[in-house]
Amino acid sequence: MAKDPVCGMVVDEKTALSAEIGSRQFYFCSSNCLNTFVNPEKELSKLKKRMYVAVSGALILAIMRGALYLGLAFGAVAVTWAPIPNIPFLTWGLLLFFITTPIQFIGGWTFYVGAYEAIKRRTANMDLLISIGTLAAYIYSTIVLFFPGALPVKERDVYFEVSAVIIAFVLLGKFMEEAIKKRSSASVRKLLDLRPSMARVIRGGAEVDVPASEVVVDDVMVVKPGEKIPTDGIVIQGTSAVDEKMITGESIPVDKQPGDEVIGATLNKQGLLKIKATKVGKETALAQIVHIVEEAQGSTAHIQRLVDSVSAKFVPAVVGVSLASFAIWYFVFGNFVMGLLSFIAVLIIACPCALGIATPAALMVGVGKGAEAGILIRGAEYLERSQKIKTVVFDKTGTLTKGEPSVTDVVTYAGHSREQVLQIAATVETGSEHPLAQAVVRAAKHERLDLGQPEDFEAISGMGVKATVEKKRVLFGNRKLMRKFGIYSESIEEQMEELESAGKTAMIIGIDDKIVGIIAVADTLKESSSAAVKALKELGVEAVMLTGDNEKTAKAVAKSVGIDKVIANVLPGEKAGVIKQLQSEGKVVAMVGDGINDAPALAQADIGIAIGSGSDIAKETGGIILIKDDVRDVARAIKLAKATMKKIKQNLFWALIYNTAGIPVAAIGLLSPIIAAAAMALSSISVIANSSLLKRMKIVDLDSSQQMRETAVPAEATLEQAAKVST
């Protein structure tokens, strides 16, 4: 069984109408819902016209009825069934017939088409309920008007108005519902609208403009300042700053140079770029994001599957209750009119459209809100599980840390300045491909220090390097290297142990036969890590760090971010087992990771949360993807999940209240069909409006990224502070 994404009715995939949108198949209860989904703008325009016909006719009826009652109040001699003066043949009933017939068959036409299609496929939908109710009132009134005596009632008892006003209310409610849906589901359309329509590519040695959809892999695109990048690629020429906030949510433009990857639909801010296309069409980052959001918005949560099983049996049950109500009123109490009115009222009040859209409406807004904030939720089941999370397990490298070493401390001795120590060490390491060497060179370049060329360079395996700089022998490495060349490090041992106990790699630099400094390198924490752990604790969620690093280093990192529980020395194949162990303790576990080695653990966890900058395998395994590489989004995703599930439960409550309270009241004749129509329309509108309130939720605190940058210690400040530690 599938669900109609428009009205929420459960349909049989074998008999339902269907359409393939993107790479996904959707099923519909009627051609009305199909057209609304495939071409929403056109169908909304048609619905608007039908709504105008019905509402304007209902207003005319209301004005006429009001004028009549006003005349009676002032003593006029008039009755509703008397001939209108000077037009002997035009009775009140005939006038109502002329006014309501266009409403019945122009305004209500789509209901009858939908009902016919439902009967043809031997299913039941909301169109069938509305059609039965309104046609019953209309046909009954027509028989009374044109065949007097055929039924035991008089012309005064016609109910043309009931049918017309029901159609007007339902169409008005449906129009408002679709209008709110249109605004609420704007996230996907916003993403699609980001794509530029044209691209400038080099073909045959000349620049030509082609539709962006015709760009192929390996095409070289020319993107001028102020233009959008047509598709994903790699910069091969030029430098610029690219505004990626529409994709990643990051407000600061990112510097790009040859070799850097760029994302399609982002904005080139400054220089001219030549970009080689690497991904096109469905393979681009934007297309993948749109696909994930569409899949998630169309998915079904467990709570909704329970509702669907009820809804599938609901329509036939309602028809049975309405027939039983009519039978009791007519055959037991002998009141045909009350039987007809209760029959119509039960059918109208019981339309399960509010029940059907209770979950999809909130889900659509919640997932779209997350996408706007850089949080991609793959489906309803992940959203439902997220609000139950009690433990979040973080991988260390690349998740809590930046995933690349940086210089954290420069300690100086023998009267040397920090600039001298850093400059000499970087000069020795110039040209080295070792990650630790590159970290030292990066730090020196960041300080704008002039680097020379080392002479007699020699790499000593497992110890470090030796070179000559300005005719002086320079050693840079560990304790073993110093001992090999007769330099003893006992005098600096206390400082070395202090740095190493903090999880840093401490390297000694010696000139000739003296130690002149220590440079410590570590995989530094992301600025957002501490705030992420704090936010989780505020939500009552336990944070755990899982890593393959040694326990000493792991505990040092965990302490700095506020994590109390550390699981270290874990091999990649063992991570999934650790998650399983936590689950066996009754915990709902989320795993946050970025690497290929995290994929098994991401799959084992109740929720896998993949970092957007991580490997493709990790992202494919994750149920939630954080595009911005900001681990604070873990807590934000949980907040969003809780808020969305709260809205779903509120929607289901109100939808059920309308139906369960309204049906018995209508069955005993205490609910007018007109009031029933208004209540039914109001139930759908209230569900959609309540869901749209999620758009007001502030997932990201105002200026949070700016505040993080102000409170975080920048790398250069860390180096300056470290320089003050000298002996």
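Is Arg418 buried or exposed? Arg418 is buried, because its relative accessible area is 9%, and under 20% counts as buried. The model discussed here is predicted.

**Salt bridges**

Side chains of opposite charge can pair when their charged atoms come close. The structure holds 17 salt bridges. One of them joins Glu447 to Arg418, with 3.3 Å between the closest N and O atoms. Arg418 belongs to helix H15 (residues 418-429), while Glu447 sits in the loop between helix H16 (435-446) and strand S17 (455-460), so the pair ties together parts that are 29 residues apart in sequence. Glu447 is partly exposed, at 22% relative accessibility.

Other salt bridges include Asp564 with Lys537 and Glu542 with Lys587. The table lists these pairs with their N to O distances.

| Glu447 | Arg418 | 3.3 Å |

Asp564 is exposed, with a relative accessible area of 71%. Lys537 is partly exposed, at 43%.

Glu542 lies in strand S22 (residues 542-546) and Lys587 in the loop between helix H21 (575-584) and strand S24 (589-593), so parts 45 residues apart in sequence are tied together. Both are partly exposed: Glu542 at 29% and Lys587 at 22%.

**A three-stranded sheet**

An open sheet of three strands runs in the order S10-S9-S12, with antiparallel pairing. Strands S10 (254-256) and S12 (267-268) stand at the edges; each has a single partner strand, so one side of each lacks a neighbour in the sheet. Strand S9 (residues 240-243) and S12 are joined by two bridges. Val242 stands opposite Asn268 in S12.

**Positive phi angles**

Most residues other than glycine have a negative phi. Asp218 has a positive phi of about 80°. Asp218 is in the loop between strand S6 (206-211) and strand S7 (220-223). Asp512 also has a positive phi, near 60°. Asp512 is in the loop between strand S20 (505-511) and strand S21 (514-525), and is partly exposed at 35%.

**A nonpolar patch**

Ile328, Tyr330, Phe331, Val332 and Phe333 make a nonpolar surface patch of about 560 Å². Phe331 is in helix H10 (residues 302-332). Phe331 counts as exposed, at 62% relative accessibility.

Conventions
Residues numbered from 1 in each chain as written. Predicted model: local features only at pLDDT ≥ 70, side-chain atom pairs only at ≥ 80, totals over all residues. Heavy atoms only, no water. Patch = residues over 30% accessible without salt bridge, like charges linked within 9 Å, V, L, I, M, F, W, Y side chains within 5 Å. Areas by Shrake-Rupley, 256 points an atom, 1.4 Å probe, with all protein chains shown as cover. Salt bridge = Lys/Arg side-chain N within 4 Å of Asp/Glu carboxyl O. Helix = DSSP H or I, 4+ residues; strand = E, 2+ residues; numbered from the N terminus. Buried < 20%, exposed > 50% of the residue type's maximum accessible area, 1.4 Å probe, protein only. Pairing = 2+ DSSP bridges.
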